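These are my notebook entries on the two chains in the file below. I looked up overall shape, domains, helix packing and the contact between the chains.

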Amino acid sequence: MKVGRFVIDYLLVPLGMPLLTAVYAGYHASTEIEPASYATLREAWPHLHQPTRSAIASAMDSGSGKISRWQYIPLFNAALTDAGGLVMAGSEGSAQDERAKLKAVIASPAGNGRT
Amino acid sequence: MKGMKGPIFQIGIGLWFSLAVMAGVESRSWSAFFAPFYIGLFFVALGLASDARRSGRRPWQIAGNVLIAGCALLFVGSLMNTAERFYLVNGESYPRLLARDVGAADRATLDDLHRNQCKGELMEIYGKKDGLWVIRCGFSWVGGHTFVSDANPYGDKFGGITK
């Protein structure tokens, strides 16, 4: 059997589908988190240890000042570990509003977010 | 069964692998990836076995039969593993045969198990009849460790609770 025929008969669908999914998942993971996720980090901020605060501040500094879904997962896990529990704060504002609020908390002297 | 060439079969496998990729990327977790990936591999093995059994050559037919038997064993094992979990959580008793007896465990025993055998994994403790306590770290019997104790390991903390 020729290689091309084998690929079409046996591999095209079982490997093509996950490859397409990987492309979509990569795109989706690179998009910005929901406004409520910024609010969750903001609410957790007072309970976070310095390495987690630095990681959040650094994520906000990188790229266009937005946190991607990919970046958010370790930040969320670290925040959960530090705080022991998180308030899933919901948000009625836009992502821009929530970004600004989180930046304000990071920049505030009490926030002590920069190292 | 058309084996690996059947379109429905291939789409089914593709769906499992796609689910694995999506879950793995979305949660940045290999364990989230591998759970559906292994299920996809199981169906790949079934498809290969089906093709091999229909082959004209005797060795391939034998290999196909062996693979089918392996898949059947895996399937039955998975069912039993699931049944064990249901029984652990809901059953009134627990067979000592399935667990390592640690005698009358106390909190020091728990700490020791947590540090050494369980490698820091979450531990669950279930009280059964006749003063038997089952300690499980990990979710399933196959993937975790199971111990039985003749005393409530948290007896000093919850002294009034005997079951």
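**Chain A: domains and shape**

I found chain A divided into domain 1 (3D bounds 1-30) and domain 2 (35-107), where the bounds come from an automatic or database domain assignment. The centres of these two domains of chain A, taken over C-alpha atoms, are separated by 35 Å.

I note that this is a predicted model, in which local features need pLDDT of at least 70 and side-chain atom pairs count only at pLDDT 80 or more, while totals for chains, interfaces and linings use all residues. Residues are numbered from 1 along each chain as its sequence is written, and chains are lettered from A and ligands numbered from 1 in the order in which they are written.

I listed the secondary structure of chain A as 5 helices and 0 strands, where helices (H or I, at least four residues) and strands (E, at least two) are DSSP runs numbered from the N terminus. Along the sequence, the pattern of chain A reads α-α-α-α-α. Chain A has a radius of gyration of 20 Å, well over the 13 Å that the globule rule gives for 115 residues, so chain A is more spread out than a compact globule. The radius is taken over C-alpha atoms, and the rule is 2.2 Å times the number of residues to the power 0.38. I recorded a box of roughly 70 × 25 × 25 Å along the principal axes for the C-alpha atoms of chain A.

**Chain A: H2 and H4**

I looked up how helix H2 (residues 35-44) of chain A packs on helix H4 (residues 69-83) of chain A: the angle is about 30 degrees and the axes are 10 Å apart. Axes are lines fitted to C-alpha atoms, for helices over the stretch in contact, and angles run from 0 to 180 degrees between N-to-C directions. H2(A) and H4(A) are therefore roughly parallel to each other (under 35 degrees; over 145 is roughly antiparallel, 65 to 115 roughly perpendicular, the rest oblique). Their crossing is left-handed, meaning that the near helix is turned anticlockwise from the far one by less than a right angle.

A:Ser37, A:Leu41 and A:Ala44 of H2(A) make the contact with A:Tyr72, A:Leu75, A:Ala79 and A:Ala83 of H4(A); contact requires C-beta atoms, placed from the backbone, within 7 Å. I counted 6 nonpolar, 1 polar and no charged residues there. Ala, Val, Leu, Ile, Met, Phe, Trp, Tyr, Cys and Pro count as nonpolar, Asp, Glu, Lys and Arg as charged, and the others, Gly among them, as polar.

**Chain B**

I found 4 helices and 4 strands in chain B, in the order α-α-α-β-α-β-β-β. The radius of gyration of chain B is 21 Å, whereas a compact globule of 163 residues would have one near 15 Å.

Helix H1 (residues 7-27) of chain B packs against helix H2 (residues 30-53) of chain B at about 170 degrees, with axes 7 Å apart. That makes H1(B) roughly antiparallel to H2(B). The contact of H1(B) with H2(B) includes B:Trp16 and B:Phe17 in H1(B) and B:Phe33 and B:Phe37 in H2(B). By class, this contact has 15 nonpolar, 5 polar and no charged residues.

Chain B is divided into domain 1 (3-90) and domain 2 (96-149), with 30 Å between their centres.

**Between the chains**

I found 15 residues of chain B in contact with 14 residues of chain A. On the chain B side, 8 are nonpolar, 4 polar and 3 charged.

Notes:
Contact = placed C-beta atoms within 7 Å.
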